[in-house]
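My notes follow in the order I looked things up.

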Amino acid sequence: MHRHLAKSALVAGAAVAVLAACGAPSGDRPAESRGTRAAVPAPPERKPVHGLPGMPPVLDPRDVYAADRPGRLSPVVKDFPSRVYVPNTESDTVSVIDPKTYEIVETIKVGRQPQHVVPSWDLKTLWVNNNRGHTLTPIDPRTGEAGEEVDVHDPYNLYFTPDGKYAVVMASLDRELVFRDPHTMKIEKTVPVSCYGVNHADFSLDGRYFVVSCEFSGELLKVDTEKMEVVAQQRLPFEGAMPQDVKLSPDGKRFYIADMTAHGMWVLDGEKFTPPTLLPTGKGAHGLYVSRDSREMYVSNRGEGTISVFDFTRNELTKKWKLPGGGSPDMGGVSADGKVLWLSGRYDGEVYAVDTRTGAQLARIEVGSGPHGLAVYPQPGRYSLGHTGVFR
């Protein structure tokens, strides 16, 4: 077991409260005026979402992340110790960090080239994707102990259908989407694809389809969840596009796809699946993470050591934070209380902890070589869709 001390610089953030006062009503008809001005318009009717059969009901059709509020932990995970699990692709290890002390408390030996640490649909297991070792290593998040490896070919990334019925392996080099039993990982259906480098995905509000990015051919797939079939495909309108992380907007109307060569994120209408538009964020845009209040999304720009902040309501970028001394922010997640964004430093053998209110770097922690898809765990939510933690 190797232990590394965090190189932390805690920065206190200042909170500013702004109070808005309304003008006093006219003196002509005070009672009527006050009553009229104080009236609150009725909220728009919430139309029921006819989700994928077997999927937990959508809590709020206007916010797919309604279950992810600060500290809203499932009874399944509420007693799990809070940890940050970092897969080191070139060290073949997982560094386990205590987020309170910023110290590595354990180093777990796993298979060849671990890419992502993925929470299972039922929240009970963390799966380490040993891409070139062709195995998955299960970790019990209650004890931190690794179990026996499971043979799974080319597991670059891993997702779970919203009904919990299947695990979906992103077999990047095999050019396949492999639907498997979510517990035993037995193959249920293999779906060959014509694009290169399937890697990331996210599901629609109703769970009936998901959008997949193809890194090496610059394409997107639309996949019918229930039929387990590719129903649409398109090439991104940018020469040399390399799409990465995929994330659904809170209202379920748009998908955002980070692109590390277009240096921004594509905005896609998932239903129409028409050509998307590009919103520049920064060099090497890579990971996408939604804030606990569903108002903002953090975009890691790996090529320039920055994090862009996108406001969903304003539909624009509002802030950009630069890591002091630079870095290569990649994949990660948000703490259970929403106060810290954790990102791996892919090319620098380190992990960054960033204050989500101020953008200040709280810690820079030395880990193994090639840290990639780290998972902050546990996080709020009823179930996991996979990757480094997409919860609903």
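I started with salt bridges, and I count one when a side-chain nitrogen of Lys or Arg lies within 4 Å of a carboxyl oxygen of Asp or Glu. The model is a predicted one.

**Entry 1: Glu-350 and Arg-364**

By that rule I looked up Glu-350 and Arg-364, whose side chains meet in a salt bridge at 3.0 Å, N to O. This pair links distant parts of the chain, with Glu-350 in strand S28 (residues 350-355) and Arg-364 in strand S29 (residues 361-366), 14 residues apart. Are the two partners buried or exposed? I count a residue as buried under 20% relative accessible area. Glu-350 has 8% and is therefore buried. Arg-364 has 13%, so Arg-364 is buried too.

**Entry 2: other salt bridges**

I find 18 salt bridges in the structure. One of them joins Lys-319 and Glu-296, with the closest N and O atoms 3.4 Å apart. Here too the pair links distant parts of the chain: Lys-319 sits in strand S25 (residues 316-322) and Glu-296 in strand S23 (residues 296-301), 23 residues apart. Lys-319 is partly exposed because its relative accessible area is 32%, whereas Glu-296, at 16%, is buried.

I then checked Glu-90, which forms a salt bridge with Arg-112; the closest N and O atoms are 3.7 Å apart. Glu-90 lies in the loop between strand S2 (83-88) and strand S3 (93-98), and Arg-112 in the loop between strand S4 (103-109) and strand S5 (114-119), so the pair ties together parts that are 22 residues apart in sequence. I noted Glu-90 as partly exposed at 46% relative accessible area, and Arg-112 as partly exposed at 35%.

**Entry 3: the disulfide**

How many disulfides does the structure hold? I find one. Cys-195 and Cys-214 form it, with their sulfur atoms 2.1 Å apart. The pair links distant parts of the chain, 19 residues apart: Cys-195 is in the loop between strand S13 (187-192) and strand S14 (198-203), and Cys-214 is in strand S15. The link is left-handed, with -55° about the S-S bond. Both Cys-195 and Cys-214 are buried.

**Entry 4: Ser-213**

Next I looked at Ser-213, which is in strand S15 (residues 209-214). Ser-213 counts as buried because its relative accessibility is 0%. Its side chain reaches the backbone oxygen of Gln-244 at 2.7 Å.

**Entry 5: Thr-306**

I found Thr-306 in strand S24 (residues 306-311). At 5% relative accessibility, Thr-306 counts as buried. A polar contact of 2.7 Å joins its side chain to that of Glu-304. Leaving aside neighbours within four places in sequence, I list among the contacts of Thr-306 Val-299, Asn-301, Trp-321 and Pro-329.

**Entry 6: the whole chain**

Last, I took the totals. The secondary structure comes to one helix and 30 strands. Of the 392 residues in the chain, 57% are buried. The accessible surface is about 16,800 Å², and 52% of it belongs to carbon and sulfur atoms.

Technical notes:
Residues numbered from 1 in each chain as written. Predicted model: local features only at pLDDT ≥ 70, side-chain atom pairs only at ≥ 80, totals over all residues. Heavy atoms only, no water. Helix = DSSP H or I, 4+ residues; strand = E, 2+ residues; numbered from the N terminus. Buried < 20%, exposed > 50% of the residue type's maximum accessible area, 1.4 Å probe, protein only. Polar contact = N/O pair within 3.5 Å; in protein donor to acceptor, adjacent residues only side chain to side chain. Contact = heavy atoms within 4.5 Å. Areas by Shrake-Rupley, 256 points an atom, 1.4 Å probe, with all protein chains shown as cover. Disulfide = S-S within 2.5 Å.
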